[in-house]
Amino acid sequence: MERLTPMLKVRDLVLRFGGVTALNGVSFDVGHGELFAIIGPNGAGKTSIFNCLNGVYRPQEGTIELAGAPLTGKSPAAIASLGVARTFQNLGLFQHLSLIDNLMLGRHHLMSTGMLSGMLWWGRAKREEIAHRSAVESIIELLELESYRRMPAGLLPYGVAKRAELGRALAMEPTLLLLDEPVAGMNLEETEDMARYITEVRRQLPVTMILVEHDMGLVMDLASRVLVLDFGVVIATGEPAEVQENPQVIEAYLGGAA
Ligand SMILES: Nc1ncnc2c1ncn2[C@@H]1O[C@H](COP(=O)(O)OP(=O)(O)OP(=O)(O)O)[C@@H](O)[C@H]1O
């Protein structure tokens, strides 16, 4: 089960864009193996947290630690190589490449053999390629994408493309996976399928996940804990049932109409 040392430790993040304070003193911990959800009304600062975690934005104040190592100030590439991957709401797939090639590209940073040494050390490169293909195949199997393997990503049905996007991020073998609205634009059946795959990933792989999602049903079903943001401030953190009944959360979502 979850260990006591947090996997991720975020303290007092402040992020400003000119006069706009997107994050105003955000702190939270995420435990190993948790599925931690971040929710909040539009503009609350959810995407800004993701962009601070993966190094795209540099917060003016605060610290972020991954398994004890500081992430603040590191480049997105350095953070990715420390094991942080994300999925994109609008899909980060290369449309003309097959699904399998998209997943292989996800493994690029794990590959030690470059093109030239690949030619010189053909045997080693070949062995490495076989190992990468086999890792990709197990993700394809886990996400039941077998029949789409050779299809260009641009031709995948929407629900399948979102699943392939999850596969691309998993191919990086992340220890921390940031899921950005994995069911946005999906119908009920596709949403239920995605929930099942996320649960299966969590059961089978040693990955901690942070989920940003507007679909409350999905959040309440999947999350071990939920953080609620409003205007860049954390207004509640707790188990789904607890957070749902918090008067401040109800107020933030319904603007006092409840
Ligand atoms: N690059 C940027 N430049 C200027 N302002 C920004 C930038 N990124 C975010 N903001 C502002 O920061 C605030 C938080 O935005 P953010 O996108 O993090 O919210 P969000 O909770 O993800 O919203 P949504 O649910 O609509 O995606 C908003 O006021 C937004 O306009």
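1. Strands S1 (residues 6-17) and S4 (residues 61-66) run antiparallel and are joined by 5 bridges. In this pairing Val-10 stands opposite Ile-64 of S4. The model is a predicted one, and the remarks below should be read with that in mind.

2. The sheet to which these strands belong is open and has 4 strands, in the order S2-S1-S4-S5, with antiparallel pairing. Its edges are strand S2 (20-31) and strand S5 (69-70), each of which pairs on one side only. Helix H1 packs on this sheet and touches S1, S2 and S4. The direction of H1 makes about 65 degrees with that of S2.

3. Leu-53 belongs to helix H1, which covers residues 46-53. Leu-53 counts as buried because it has 23 C-beta neighbours inside 10 Å, and the cut-off for that class is 20 or more. Leaving aside residues up to four places away in sequence, Leu-53 touches Ile-64, Val-84 and Leu-178. Ile-64 is also the residue of S4 that stands opposite Val-10. Between the C-alpha atoms of Leu-53 and Gly-92 the separation is 18 Å, and these two residues are 39 apart along the chain.

4. The chain is divided into two domains: domain 1 is made of 1-83 + 174-258, and domain 2 of 95-171. Their contact takes 15 residues from domain 1 and 10 residues from domain 2. On the side of domain 1 that touches domain 2, helix H2 (76-81) and helix H7 (188-204) each supply at least two residues. H7 provides the largest share of that side, with 7 residues. By residue class, the side of domain 1 that touches domain 2 divides into 9 nonpolar, 3 polar and 3 charged residues.

5. The largest nonpolar core has 70 residues, and Leu-211 and Val-228 are the ones that touch the most other members. Helix H6 gives the most to this core, 6 residues. Both domains take part: the core draws at least three residues from each of domain 1 and domain 2. Nonpolar side chains tend to be buried together in soluble globular proteins. Apart from residues up to four places away in sequence, Leu-211 touches Leu-35, Ala-37, Leu-179, Val-219, Leu-222 and Ala-223.

6. Most residues other than glycine have a negative phi. Glu-144, however, has phi near 50 degrees, a positive value. Glu-144 is found in the loop between helix H5 (122-142) and helix H6 (158-170). Its surroundings hold 14 C-beta neighbours inside 10 Å, so Glu-144 counts as partly exposed.

7. Glu-181 also has a positive phi, near 45 degrees. Glu-181 lies in the loop between strand S7 (176-180) and H7. It has 20 other C-beta atoms within 10 Å and is therefore buried, since 20 or more is what that class requires. Glu-144, with 14 such neighbours, is partly exposed.

Technical notes:
Residues numbered from 1 in each chain as written. Predicted model: local features only at pLDDT ≥ 70, side-chain atom pairs only at ≥ 80, totals over all residues. Domains from an automatic or database assignment. Contact = placed C-beta atoms within 7 Å. Nonpolar A, V, L, I, M, F, W, Y, C, P; charged D, E, K, R; others polar. Buried ≥ 20, exposed ≤ 12 C-beta atoms within 10 Å, placed from the backbone. Core = buried A, V, L, I, M, F, W, Y, C linked by C-beta atoms within 7 Å. Pairing = 2+ DSSP bridges. Axes fitted to C-alpha atoms, helices over the stretch in contact; angles between N-to-C directions.
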